[in-house]
Amino acid sequence: MTCMCVNGVTTCSEVRCVSPCVDFIMMSGECCPVCADCTFEGRVYSPGDSFHPANDPCQICTCEMMQDGNQYLKCYRKQCPSLVDCPKSKILFPGPDSCCPVCAQPLTNCTSTLIGNEMLAQDDPCFTCQCKDLTWTCLEQTCPVLSCPHDEQFTPPDSCCPVCKECVIEGKNRRVASGTSWKDSHDDCVTCTCNLGHIECSIEECPPAVCANWQAQVKLPGKCCNECQDSRESCLYQGTMYHSDEQWEVDECTSCTCVSGDVHCRSERCPPLTCAADEMPAVIPGLCCPHCLSSPATCITFGDPHYRTFDGRMFHFQGTCTYILAMDCKGEDFR
């Protein structure tokens, strides 16, 4: 974070590093990496020399002498002061030889009557300015990390941060619309919400459960906190008696628990599955949700000597040896 004061306006934002060299190093006390020497595009610079890479007036590189006695090239993106309450019609945007916009009229001073007031900088919606100690202090907003692909992100008008219409749940190949909430599949205490492409999760805190002597603390399926239940009652399910707190599986997708005489069952929800053109969805024994497997294929031999392989390719081959037409490559169950 770096701050600058221009005409009574303090602007603070994260340092934006520029690394125009291939051979760069990190040094103690420096925010950005530095180039290992003061050479850029074949030209050698002396300590104190500055230049703009790619003729970009917003990028500045300076050759500096460090404490170790060596010369290094430090590059960063120039920070522009915030134009507090400058009307958009009065903002003069920079030309090819300048970096920062300017205001064509004087800005409002931070007087005692404005102390505590807060407003957005008109030239950059990422800055929020507050009148404090007779100085406008402008801080840059940090944008959250989005879960959606970069090509699906967009920035609404007069907004700072990009957003998305959906969130992508990592590892599940699942998309949810903004505003949707769900529980974590591995922890019933974690609830997540999709907020314009950013996934926000919270953890539920459980109060201590104080149970009577004939009760026991029981965690119900789909709930986070333990509850007090009568531990003496059993459950009858499809002709089988189960003790309280006993769990059993009905099938690959459904498991049940006996909770003080009541049967609570929970079924796993399978995410949408999209298979490739040469694949088909199939249920593997012992697993609940279908997976993509290679589609069935046939190989044939006919005439003399014609062969069509599993992938549909044709071969014409004649030989005098003994050949294997097809075999199991893994278990070698047949040939």
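**View A. Strands 25 and 26, side by side.** Strand 25 (residues 254-259) and strand 26 run antiparallel, with 6 bridges joining them. Strands here are DSSP runs of E at least two residues long, numbered from the N terminus, and two of them count as paired if DSSP finds at least two bridges between them. Look for Thr-254, which sits opposite Ser-267 in strand 26. This is a predicted model, where local features need pLDDT of at least 70, side-chain atom pairs count only at pLDDT 80 or more, and totals for chains, interfaces and linings use all residues. Residues are numbered from 1 along each chain as its sequence is written, and side-chain values use heavy atoms, with hydrogens and water left out.

**View B. The open sheet 24-25-26.** Strand 24 (247-249) and strand 26 (262-267) are the edge strands, each pairing on one side only. From one strand to the next, the twist averages 25 degrees (axes are lines fitted to C-alpha atoms, and angles run from 0 to 180 degrees between N-to-C directions).

**View C. Strands 1 and 2.** Over to another pair: strand 1 and strand 2 (residues 9-13) are linked by 5 bridges in the antiparallel sense. Thr-2 faces Ser-13 of strand 2 across the pairing.

**View D. The open sheet 1-2-14-13-12.** The twist here averages 20 degrees from one strand to the next.

Methods:
Helix = DSSP H or I, 4+ residues; strand = E, 2+ residues; numbered from the N terminus.
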